[in-house]
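Visitor: I am new to this structure and would like a short tour. Could you take me through it step by step?

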Amino acid sequence: MTGALNPVMSLKVVIAGAGHAAGQVVASLKQKKFSGEIVLIGDAPYLPYQRPPLSKKFLAGELSAERLFFKPPVFYEDPSIEVMLDTRIDSIERENKSVSTSQNRSISYDRLVIATGARVRRLQVPGAELAGIHYLRTINDVNRLRAEFEDGNRFVVVGAGYIGLEVAAVCRQLGLEVTVIEMAERVMSRVVSPQISAFYQQEHARHGVSLRLATGITGFVGEDRVRGVVTSANDTIEADFVLVGVGIEPVTDLADEAGLQVDNGVVVDDRCLTGDADIYAVGDCTSHPNSIYGRRVRLESVHNALEQAKTAASNICGEEQHYSQVPWFWSDQYDLKLQIAGLSQGFDDTVIRGDPAQRSFACCYLRDNLLIALDAVNSPRDFMQAKNLVAERKPVDRSRLADPAVALKDLV
Ligand code: FAD
């Protein structure tokens with residue numbers, strides 16, 4: 001049964017959150033000719049927009065704010081779509097299938113999609129509330145950060161993950177003096193191999209970023225504004241402003257308080273369904289099964305947000321769709337595009353394809369001779385082909401894998 005004949009196509013769908021995943025749920029429902037009511041409720045003042053450029057081209061001033069938006073405002077002028085911005089959902093009342101908002105409204109649903117994303121992890125150290133200490137998750141965060149950009153300003157980044165390093169690269173290119181402080185012994189240690197870390201450390205050093213590895217933060221000093229960052233080595237690095245990029249945590253409060261299962265994310269199955277048959281969850285806020293790796297994962301990625309959103313929309317429309325894909329991510333630093341296919345955690349061997357000195361190479365992660373992930377630096381073809389190879393789960397020949405003249409697609 002399809003279209004108007006199918007009763008599920010005229011249900012009322014409420015979406016909690018108006019970020020990337022939420023925007024895709026609306027787009028997918030409309031694409032499928034869903035004719036019911038869609039209510040999009042977000043606590044931010046903006047329509048759904050893309051966050052990746054916030055630490056890249058938008059921060060650099062190379063992309064206008066209008067280009068961030070997922071769909072133009074006119075898309076939401078559809079009479080079947082109600083958009084409520086600057087509105088927080090305070091609770092879900094599962095017994096009468098409704099949500100309560102910060103505007104004191106109770107809104108009923110037939111199906112609810114939780115797309116509440118993630119929030120930044122905040123540092124809890126003395127001085128952490130001083131002005132001039134920034135976090136990065138929203139357009140407004142970027143606007144506040146950009147207001148600090150002045151020639152010669154000393155900028156300290158706490159945390160050498162993707163976001164910290166992307167911002168460091170942009171700021172260095174804008175002529176700021178940049179120091180990056182990282183607690184681990186190498187950059188991006190949570191997600192990439194020592195070889196990739198070493199390559200990026202060299203690149204940042206070559207661009208004039210001062211890297212302080214294996215160094216923690218014990219506090220910030222300053223009167224009203226931050227003037228310095230105190231490190232675990234007990235020295236103070238002078239700073240005119242600071243960005244803290246020490247990770248995110250999933251926003252699961254609503255689900256938790258409504259009695260849904262939460263375990264490092266809102267627990268969903270491969271249909272993006274929670275333990276309540278009327279409530280789905282999608283995007284950064286979820287913990288979901290991945291059949292390729294045979295375990296639950298929580299991902300912080302646009303690809304996952306979009307694909308889970310499409311899966312949830314399909315299932316809402318009565319199609320039986322199961323989500324299992326090779327996760328992928330990317331990071332832009334200077335003229336380097338890092339593309340990551342798969343999850344490398346648990347690897348027992350690595351193979352480098354190509355020559356890092358050529359600034360185009362890949363690091364392959366193996367486990368029991370299976371390719372489980374690949375990091376491609378300026379090597380888009382390897383990245384594309386690795387996605388298939390990881391999904392196929394077939395043993396690969398190590399010496400052929402190391403030979404960049406052999407296309408990955410020809411390996412099995
Ligand atoms: P979000 O985009 O976080 O949206 C959730 C929304 O829900 C938020 O607007 C939040 O305010 C709202 N909300 C929360 N609780 C409530 C409530 N109770 N009521 C109403 N609204 C609520 N990913 C990549 O794959 N590649 C990249 O290069 C990349 N770069 C990034 C750079 C930056 C600076 C950031 C911040 C993220 C980056 N990401 C990147 C991650 C990517 O943006 C996220 O994975 C994606 O935004 C997840 O989408 P989401 O809809 O799940 O969550």
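This is a predicted model: local features need pLDDT of at least 70, side-chain atom pairs count only at pLDDT 80 or more; totals for chains, interfaces and linings use all residues.

Visitor: Thank you. In S23, which residue is the bridge partner of Trp330?

Guide: The partner of Trp330 is Gln339. The two strands concerned, S22 (residues 328–333) and S23, run antiparallel and are joined by six bridges.

Visitor: How many residues lie between the strands in that hairpin?

Guide: The hairpin of S22 and S23 has two residues between the strands. Tyr334 in this hairpin takes a positive phi near 55°.

Visitor: And what about strand S26 and its pairing with S23?

Guide: S26 (residues 370–377) pairs with S23 over five bridges, in the antiparallel sense. Within S26, Leu374 is the bridge partner of Ala341.

Visitor: Is S23 mostly covered or uncovered?

Guide: S23, which spans residues 336–342, is mostly covered, with six of its seven residues buried.

Visitor: Let us change topic. Which residues are closest to the ligand?

Guide: The ligand is surrounded by 32 residues, and the closest are Asp43, Arg51, Lys56, Arg137 and Asp284. By type, the shell divides into 15 nonpolar, 10 polar and seven charged residues.

Visitor: Which backbone atoms lie by the ligand's oxygen and nitrogen atoms?

Guide: A polar backbone atom of His20 is 3.2 Å from an oxygen atom of the ligand. For Ser301, a backbone N or O atom lies 3.0 Å from a ligand oxygen atom. A nitrogen atom of the ligand has a backbone N or O atom of Ile89 at 2.9 Å.

Visitor: How much of the ligand does the protein bury?

Guide: The protein buries 92% of the 1000 Å² that the ligand exposes when taken alone. Helix H1 (20–31) and helix H7 (302–316) are the elements that give two or more residues to the shell.

Visitor: Why does Thr87 count as buried?

Guide: Thr87 counts as buried because its relative accessible area is 3%, and the cut-off for buried is under 20%.

Visitor: What is Thr87 in contact with, beyond its sequence neighbours?

Guide: Leaving aside neighbours within four places in sequence, Thr87 is in contact with Ile41, Gly42, Asp43, Thr101, Ser102 and Gln103. With Gln103, the side chain of Thr87 also makes a side-chain polar contact of 3.0 Å.

Terms used:
Residues are numbered from 1 along each chain as its sequence is written. Side-chain values use heavy atoms; hydrogens and water are left out. Buried means under 20% relative accessible area, exposed over 50%, partly exposed in between (1.4 Å probe, protein chains only). A polar contact is a pair of N or O atoms within 3.5 Å; within protein, one must be able to donate a hydrogen and the other to accept it, and residues adjacent in sequence count only if both atoms are side-chain atoms. Contact means heavy atoms within 4.5 Å. A residue is near a molecule or strand if one of its heavy atoms lies within 4 Å of it. Accessible areas come from the Shrake-Rupley method with a 1.4 Å probe; for residues, only the protein chains shown count as cover. Helices (H or I, at least four residues) and strands (E, at least two) are DSSP runs, numbered from the N terminus. Ala, Val, Leu, Ile, Met, Phe, Trp, Tyr, Cys and Pro count as nonpolar, Asp, Glu, Lys and Arg as charged, and the others, Gly among them, as polar. Two strands pair if DSSP finds at least two bridges between them.
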